[in-house]
Amino acid sequence: IYSSQTEQEAYGYIGEPLTCAYRIPRTLLFSVQSDRSCLKPVNTETSLEEPPDRIFLNERGRPEIKAYFEQHYQVARDDSGQWSLYVPLIRDDKTVIGVVVLQDFEADPSSAEFLELLAFLRQVGRAVGAVIDREQQLRQLKVLRETGKKITSLDLAQVLDATVAGA
């Protein structure tokens, strides 16, 4: 995940370890939109059913939203009657960046496997957060580079005249 170039690519690496290591057949990932208004599905390949296009953060009764606001996992029955586990993805600064839904999952909060799963998902939140930070830094560097190019293409005499005129 840490080597991912984009947030989307980082999310793509989450499903396989959940399937292989934890035997979770169906997962659904939601990311928080940048305006912090809703959760949007990131992957739908292994989902039991077609997810909504978005879940607004004011839909407080939904387990995804409870996990988001409480920053703690939720266990609830999904629309098909199966138990699902809803786990927030939290970055180092304690900001929730997404929610992972583990569908058809029997959660035993006292088991070692469950605690390992939560630890893994904590690391996932940190890793995706690092990728998001790196993406933002790259965007800023590109802006600086473009600005630098424009500055170096200016006529020095014009810059000096403008500076003297402004003094």
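**Close-up views of a predicted model**

**View 1. Lys 94 in a loop between two strands.** Lys 94 is exposed, with a relative accessible area of 58%, in this structure, which is a predicted model. The residue lies in the loop that runs between strand 5 (83-90) and strand 6 (96-103). The phi angle of Lys 94 is near 75 degrees, which is a positive value in a residue other than glycine. Most residues other than glycine have a negative phi.

**View 2. Arg 36 in the loop between strand 1 and strand 2.** Arg 36 is found between strand 1 (26-32) and strand 2 (38-43), and with a relative accessibility of 35% it counts as partly exposed. Phi of Arg 36 is near 60 degrees, again a positive value in a residue that is not glycine.

**View 3. The two faces of helix 2, and the residue just after it.** Within helix 2 (residues 15-22), the residues Gly 15, Leu 18 and Tyr 22 are buried. These three lie on the same side of helix 2, because they cover an arc of only 95 degrees around its axis. An α-helix has 3.6 residues a turn, so residues three or four places apart point the same way. The exposed residues Glu 16 and Cys 20 are carried by the face of helix 2 that is turned away from its buried side. Just after helix 2 comes Arg 23, which takes a positive phi of about 55 degrees.

**View 4. A nonpolar surface patch made by three leucines.**

Methods
Residues numbered from 1 in each chain as written. Predicted model: local features only at pLDDT ≥ 70, side-chain atom pairs only at ≥ 80, totals over all residues. Heavy atoms only, no water. Patch = residues over 30% accessible without salt bridge, like charges linked within 9 Å, V, L, I, M, F, W, Y side chains within 5 Å. Areas by Shrake-Rupley, 256 points an atom, 1.4 Å probe, with all protein chains shown as cover. Salt bridge = Lys/Arg side-chain N within 4 Å of Asp/Glu carboxyl O. Helix = DSSP H or I, 4+ residues; strand = E, 2+ residues; numbered from the N terminus. Buried < 20%, exposed > 50% of the residue type's maximum accessible area, 1.4 Å probe, protein only. Arc of directions from axis to C-beta.
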